[in-house]
Amino acid sequence: GALALALARARPEARVTAVEREEAALALAAENVAAHGFGERVALVRSDWFSGLAADEAFDLIVANPPYLADAELAGVEPEVRDHEPRSALTSGQEGTEDLARILRGARTRLRPEAWLWCETGPEQRARLEELARAAGFTRVEAHRDLAGRERFLAVAG
């Protein structure tokens, strides 16, 4: 729920829908939403990306922090992350892009005109994700760098 809370705080006029596929993570998000007083503006939904949302639900912005590590990369992750996070929160298939591909396909029909999708990504995934975004029908595809200068964020629209 951290992204949902940050967005709700930054945009007091916004209604935020947050999805979480793991029940334990959803319960923790609910605690945080209540503790910060955002219960009226942040809706929590148990969902595997878009599957638990109403078929006609559309958004002005979608922000995602999906798993983006390739299965083989897990061994190289810091132990404080690797040993305490569920594998499903870290890895996404052989290339690390399976969840990102699903998000790109699903977001295309969920974004209102002029709306954007922002996703955290792995630093070496830009070419593959640009290909997936264009195949999903997006015309604007941008990569953005983190504070260390690595391409870590994908923004798509159109």
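The structure is a predicted model, in which local features need pLDDT of at least 70 and side-chain atom pairs count only at pLDDT 80 or more, while totals for chains, interfaces and linings use all residues. Residues are numbered from 1 along each chain as its sequence is written, and side-chain values use heavy atoms, with hydrogens and water left out.

**First stop: helix 1**

Select residues 2–10, which form helix 1; helices (H or I, at least four residues) and strands (E, at least two) are DSSP runs, numbered from the N terminus. Here Ala4, Leu5 and Ala8 are buried, where buried means under 20% relative accessible area, exposed over 50% and partly exposed in between (1.4 Å probe, protein chains only). Viewed down the axis of helix 1, the buried residues fall within an arc of 95°, so they line one face of the helix; the arc is that of the directions from the helix axis to the C-beta atoms. On the other side of helix 1, select Ala2 and Ala10, which are exposed.

**Second stop: strands 1 and 2**

Next, display strand 1 (16–20), helix 2 (23–35) and strand 2 (42–46), against which the buried residues of helix 1 pack. Strands 1 and 2 run parallel and are joined by five bridges; two strands pair if DSSP finds at least two bridges between them. Val19 has Val45 in strand 2 as its bridge partner.

Select Ile62, Leu104, Ala107, Leu111, Leu117, Phe138 and Val156, the residues with the most contacts inside the largest nonpolar core, which has 29 residues. A nonpolar core is a set of buried Ala, Val, Leu, Ile, Met, Phe, Trp, Tyr and Cys residues joined through side-chain atoms within 4.5 Å. Helix 4 gives the most to this core, with five residues. Another core, of eight residues, lies apart from it and includes Ala4, Val16, Val33 and Phe38.

Select Asp146, in the loop between strand 5 (140–145) and strand 6. Asp146 is buried, at a relative accessible area of 16%. Leaving aside neighbours within four places in sequence, Asp146 is in contact (heavy atoms within 4.5 Å) with Arg152 and Phe153.

Finally, select Gly137, in the loop between helix 5 and strand 5. Gly137 counts as partly exposed, at 29% relative accessibility. Its contacts, leaving aside neighbours within four places in sequence, are Arg108 and Gly158. From Gly137 to Val156 the C-alpha to C-alpha distance is 9.9 Å, and the two are 19 residues apart in sequence.
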